[in-house]
Amino acid sequence: MPKRSTTKNLINYTSDLVEAVDRNLEVDAIYTDLSKAFDRVDHKLLVHKLKNFGISNCYFHGAIPDVPQGSNLGPLFFILFINDVVGLFENFHVYMFADDIKIAKVMTQESDMSDLQANLDRLVEWCDENGMLLNPGKCNFIKFSRK
């Protein structure tokens, strides 16, 4: 996508972190990775999601689209497939690039930790419903603060 890159994603993320820590706030961040995400796209579910965007089956001449990495339409199909994951996270910053999702929250009260867990539970549920798997080896938690 024009003007979108991993660099821009990291600059936005880093800028938000630095701003919060400069204000002596604590930020908890979760880094996630969807395991073989392009290969796991459920084509029937993709067609259903495309219909929600107003794209009908007739555009594919009856064929179910494929989402191979390296194809011209594959990344677009994947973005449309995963687009609804952003709506899961309530009161959290979400930074996505392809199949990598970072969520971050300025922690100001004890209930923020349970909110973080609730958001992660919703992500796991979304993965189950959409045929995706989180790669535990590439998922991490980090706390940013001046402490």
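A residue is called buried when its relative accessible area is under 20%, exposed when that area is over 50%, and partly exposed in between, with a 1.4 Å probe and protein chains only. Glu-129, at 54% relative accessibility, therefore counts as exposed. The structure is a predicted model, in which local features need pLDDT of at least 70 and side-chain atom pairs count only at pLDDT 80 or more, while totals for chains, interfaces and linings use all residues. Residues are numbered from 1 along each chain as its sequence is written, and side-chain values use heavy atoms, with hydrogens and water left out.

The protein has five helices and four strands, where helices (H or I, at least four residues) and strands (E, at least two) are DSSP runs numbered from the N terminus. Along the sequence these elements follow the pattern α-β-α-α-α-β-β-α-β. Of the 147 residues in the protein, 35% are buried.

Glu-129 belongs to helix H5, which covers residues 111-130. On the surface, Glu-129 gathers with Asp-121, Glu-125 and Asp-128 in a patch of negative charge; such a patch is made of residues with over 30% relative accessible area and no salt bridge, like charges being joined within 9 Å. A salt bridge, in turn, is a side-chain nitrogen of Lys or Arg within 4 Å of a carboxyl oxygen of Asp or Glu.

A search of the whole structure finds four aromatic pairs, a pair being rings of Phe, Tyr and Trp (its six-membered ring) whose centres lie within 6.5 Å, with planes under 30 degrees apart counted as stacked, over 60 as edge-to-face and the rest as tilted. One of these is the edge-to-face pair of Tyr-13 and Tyr-31, with 5.9 Å centre to centre and 90° between the planes. This pair links distant parts of the chain, since Tyr-13 is in helix H1 (residues 6-22) and Tyr-31 is in strand E1 (residues 26-33), 18 residues apart. Tyr-13 counts as buried at 3% relative accessibility, whereas Tyr-31, at 27%, counts as partly exposed.

Phe-38 and Phe-78 form a stacked pair, with 4.5 Å centre to centre and 15° between the planes. Phe-38 lies in helix H2 (residues 37-40) and Phe-78 in helix H4 (residues 74-82), so the pair ties together parts that are 40 residues apart in sequence. Both Phe-38 and Phe-78 are buried.

Ser-145 is placed in the segment after strand E4 (140-144), and is partly exposed, with a relative accessible area of 26%. The C-alpha atoms of Ser-145 and Val-18 are separated by 9.5 Å, although the two residues are 127 residues apart along the chain.

Note on methods:
Patch = residues over 30% accessible without salt bridge, like charges linked within 9 Å, V, L, I, M, F, W, Y side chains within 5 Å. Areas by Shrake-Rupley, 256 points an atom, 1.4 Å probe, with all protein chains shown as cover. Lys, Arg positive; Asp, Glu negative; His and termini not counted. Charge placed at Lys NZ, Arg CZ, Asp CG, Glu CD.
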